[in-house]
Amino acid sequence: MTFTHKGDAEHWLRMQERAIERGEWLAPEEVEARRPKVRTLQETYDRFLAQRPRPLALSTLTAYEQDWRLRIVPHWGAERDVKTITHDDVWQWRQGPLAAERRRDRSSLALFSELLAKAAHWGWIDKNPAAGVSIPRQTKAMEQRHVFDLDDVRRYLQAAEPQHVAMLATVALGGLRSGEVRGLRRMDLDLEGRRILVRQAIEHGKDGDAYRVGVKVSKTSAGIRSLPMSTTLVTILRDHLTLHPRSPEQLVFTVADGKPMGPAEADRRHNRALANMGLRTPEAERRRLWRKGLPVPKEDHITLHDLRASYAAWLFSEGYTIAEVMLLLGWSDSRMALEVYSRVFPRRVESVGPKQDEALKGLTVVVT
């Protein structure tokens with residue numbers, strides 16, 4: 001320590017002697033050790049990723065990186081001390097920048113809350129200030145949901161491009177996820193035994209600065225399953241494999257150069273089938289309207305994943321139990337099964353009263 005005047009040095013020495021006499025003097029190293037340590041959001045995020053019990057899927061890591069870089073850091077700052085974040089701060093963020101209630105906003109808030117929960121677990125903060133702050137999930141009304149029946153599936157497959165029929169049929173008639181159907185290998189198809197073995201999926205995400213396609217296994221044991229195939233689907237797949245022979249370890253559905261198919265290409269094939277059915281404006285027309293500055297139709301889009309829900313709805317309509325549908329679809333949580341089930345049988349629910357009347361016909365009781 002340097003002093004400008006001799007009196008300043010003498011004063012500091014006297015103060016030090018008195019502190020020693022009172023037992024209050026601390027060495028500079030101890031003072032530094034007692035100073036509250038700043039724990040930043042960046043430090044929290046880095047430790048959160050480093051301590052994951054198992055490697056993150058490529059798609060999950062990409063989603064985390066986008067939520068962190070595009071939504072969390074611009075608002076909070078990477079060097080923000082987690083001790084300075086309050087519950088009111090989080091609520092203001094949720095009601096302001098995240099007020100649109102989109103899916104990515106929900107995921108950003110969920111990641112932020114998980115980071116702060118970890119900070120509390122590590123003892124960096126007393127409690128999670130984001131606890132209790134959420135964005136409600138927006139769901140369509142039942143009458144707005146589109147569920148394909150088998151007649152719809154027939155028209156859908158007839159409208160699909162011939163080179164796309166096999167992949168789309170595997171989703172519509174097998175109930176596979178997009179990544180699962182893109183991850184099917186020739187050895188996963190038992191055409192004689194009429195079974196599909198779902199063991200892996202293709203995922204798409206960011207690896208460093210570049211995007212790439214990777215392979216992942218299911219996060220739950222329910223995702224690895226054996227599915228029965230109809231004769232119709234077996235015939236379609238046999239024709240496809242005859243035209244496109246594959247070695248056992250090769251993927252069944254690929255892009256032109258034989259590389260794994262990304263999700264955008266699968267969606268493009270699905271959208272072309274919908275456009276041919278008249279359920280969606282063709283992409284070429286949408287681009288033409290956009291280039292001319294004309295309004296582009298806003299349609300209630302039917303996604304490729306909706307075909308999976310339609311497959312579940314068909315199973316329910318055939319009398320399969322919730323447990324059986326969960327097994328076939330690879331669901332580990334019954335909430336999705338119950339949501340689809342409630343969508344399929346609204347008339348059965350409404351018939352409870354009339355069925356009671358019919359069963360209790362002629363009942364006479366005395367009411368006092």
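Thr 60 counts as partly exposed, at 22% relative accessibility; the class lies between buried (under 20% relative accessible area) and exposed (over 50%), for a 1.4 Å probe and protein chains only. Thr 60 has its place in helix H4, residues 58-76. Helices (H or I, at least four residues) and strands (E, at least two) are DSSP runs numbered from the N terminus. In sequence, Thr 60 and Gly 205 are 145 residues apart; in space, their C-alpha atoms are 7.9 Å apart.

The model is predicted: local features need pLDDT of at least 70, side-chain atom pairs count only at pLDDT 80 or more, and totals for chains, interfaces and linings use all residues. Residues are numbered from 1 along each chain as its sequence is written, and side-chain values use heavy atoms, with hydrogens and water left out.

The chain has 17 helices and five strands. Of its 368 residues, 36% are buried. Contacts (heavy atoms within 4.5 Å) were also sorted by sequence separation. Among those with a separation of 6 or more, 64% join residues 24 or more positions apart.

In soluble globular proteins, nonpolar side chains tend to be buried together. A nonpolar core is here a set of buried Ala, Val, Leu, Ile, Met, Phe, Trp, Tyr and Cys residues joined through side-chain atoms within 4.5 Å. The largest such core has 46 residues, and Tyr 156 and Phe 253 have the most contacts inside it. At least two residues of this core come from each of helix H7 (150-159), helix H8 (165-174), strand S2 (195-198), helix H10 (231-243), helix H11 (263-277), helix H13 (304-317) and helix H14 (322-329). H8 gives the largest share, eight residues. Another core, of 25 residues, lies apart from it; Ala 78, Ile 85, Trp 93 and Leu 111 are among its members.

Phe 253 touches residues of several kinds. Not counting residues up to four places away in sequence, its partners are Ala 166, Met 167, Thr 170, Val 181, Arg 182, Leu 184, Leu 237, His 240 and Met 261.

In H8, 10 of the 10 residues are buried, so the helix is largely enclosed by the rest of the structure. These are Val 165, Ala 166, Met 167, Leu 168, Ala 169, Thr 170, Val 171, Ala 172, Leu 173 and Gly 174. Gly 175 follows H8 and has a positive phi, near 70°. His 305 is found in helix H13. At 47% relative accessibility, His 305 counts as partly exposed.

H7 packs against H8. Their axes come within 9 Å and cross at roughly 165°. Axes are lines fitted to C-alpha atoms, for helices over the stretch in contact, and angles run from 0 to 180 degrees between N-to-C directions. H7 and H8 are therefore roughly antiparallel to each other. Angles under 35 degrees count as roughly parallel, over 145 as roughly antiparallel, 65 to 115 as roughly perpendicular and the rest as oblique. On the H7 side, the contact is made by Val 153, Tyr 156 and Leu 157; on the H8 side, by Val 165, Leu 168, Ala 169, Ala 172 and Leu 173.

H7 also packs against H11. The angle is about 105°, with the axes 8 Å apart. The two helices, H7 and H11, are therefore roughly perpendicular to each other. Asp 152, Arg 155, Tyr 156 and Ala 159 of H7 meet His 270, Ala 273, Leu 274, Asn 276 and Met 277 of H11. Asp 152 is buried, with a relative accessible area of 12%. Not counting residues up to four places away in sequence, Asp 152 touches His 146, Val 147 and Met 277.

Helix H5 (residues 87-95) has Val 90, Trp 93 and Arg 94 as its buried residues. They cover an arc of only 100° around the axis, which puts them on the same side of H5; the arc is that of the directions from the helix axis to the C-beta atoms. The face turned away from this buried side of H5 carries the exposed residues Asp 88, Gln 92 and Gln 95.

Most residues other than glycine have a negative phi. Arg 194 is not a glycine, yet has a positive phi of about 55°. Arg 194 lies in the loop between strand S1 (189-190) and S2. At 40% relative accessibility, Arg 194 counts as partly exposed.
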